[in-house]
Amino acid sequence: MNRFLLPIVAAIFLATSSHALDVIHLPDGQSIQCRIDAITDNIVTYSTSVRLPNGRTGTSQRTIPADRVKFIDFGPIPGETELMAKLGTATVEEIDLIWDKKYRNLHRPKSNTGTIGIALGNALLKKENDFHWKRALELFGIIHKEAWDQGSKNAAKQGRLKTLIRLGELETAITEARQLATETEDATMLIEARYIVARADFEKLKQLEEENPKWEEDDTVRPDRNRLYHTTIDQFLWPYLFHGTKVEVASRGLFAAGEVYQFANKADLAKACFADIVQLYPESEAAMKAQEIFQNFNTTTEPTDDPPETK
């Protein structure tokens, strides 16, 4: 073992010998195809194949200071390629197998660890136990703090907001989402912030009606209920009305608005939302769900005289 590694063996991340080749990129533009044997924030130890005088192939190992490395293209470890092909639908257990081996590279430039971590957080949110949601909240916090890329940091912010709603911390979620909306000029982040506020407001709307079943007759409750209802609809429809070419977020907002209309027993408006999704965004993730709801919609629900708010 290289003598420089002896004092820090406990701190290094040992790479498996069976993963694909890595590529070290140096500041002068050169690159080294190799296998990373060990890496810390101070050193990088790697092995390369060399041709021996007898014509055979051998292995040469070197250790260089980490500050001499611009970035590393990490080769996929066993199982990683298969995971990345189904990352959006993978289970917590499947993602954990790869995350456990890669999370130490979260802060290293060009690493895809942040993407894998975000997928793990989203998979945790699909579970039905708050133990998993609390883990997701902690995970998103780590990614936001340590990820090397802004994309992962932004996704972690969004994940944190979704998790707060899942945990029932609506006021915190709304406060943070509104703060985010005032801080960003990025359209994607702004859309997500508005969506988070709308989801939290929808939860508050449902809770208010559950606690006040005769809200329509209550002069003190009715204004709050109506305010929540209209602001929720407005926030959900905002991407559709102002960023209609962003297929996934526009169709997602339309679908959510349809759910609110269904909750409010406004059948015609709900059907209009689902019909718009099927017609305008047939390839979107929301389209299949909207098609099923639209085809099986309860036509006996009393129609509404309200104007078509989605138009």
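Reader: Is Asp41 buried or exposed in this model?
Author: Keep in mind that this is a predicted model. The cut-off for exposed is over 50% relative accessible area. Asp41 comes out at 54% relative accessibility, so this residue counts as exposed.

Reader: Okay, and which residue does the side chain of Asp41 meet in a salt bridge?
Author: Asp41 sits in the loop between strand S3 (31-39) and strand S4 (43-51), and its partner sits in the loop between helix H2 (92-102) and helix H3 (113-125), so the pair ties together parts that are 67 residues apart in sequence. The N to O distance is 3.3 Å, and the partner is Arg108.

Reader: What is the N to O distance in the salt bridge of Asp96 and Arg135?
Author: This pair links distant parts of the chain, with Asp96 in helix H2 and Arg135 in helix H4 (residues 130-146), 39 residues apart. Asp96 is buried at 15% relative accessible area, while Arg135 is partly exposed at 28%. Their side chains meet at 2.8 Å.

Reader: How many residues apart are Arg166 and Glu128?
Author: Their side chains meet in a salt bridge too, at 3.4 Å, N to O. Arg166 counts as partly exposed at 32% relative accessibility, and Glu128 counts as exposed at 67%. Arg166 belongs to helix H5 (residues 150-166) and Glu128 to the loop between H3 and H4, which puts them 38 residues apart.

Reader: How many salt bridges does a search of the whole structure find?
Author: The pairs above include Asp96 with Arg135 and Arg166 with Glu128. For the whole structure, the search gives 14.

Notes:
Residues numbered from 1 in each chain as written. Predicted model: local features only at pLDDT ≥ 70, side-chain atom pairs only at ≥ 80, totals over all residues. Heavy atoms only, no water. Salt bridge = Lys/Arg side-chain N within 4 Å of Asp/Glu carboxyl O. Helix = DSSP H or I, 4+ residues; strand = E, 2+ residues; numbered from the N terminus. Buried < 20%, exposed > 50% of the residue type's maximum accessible area, 1.4 Å probe, protein only.
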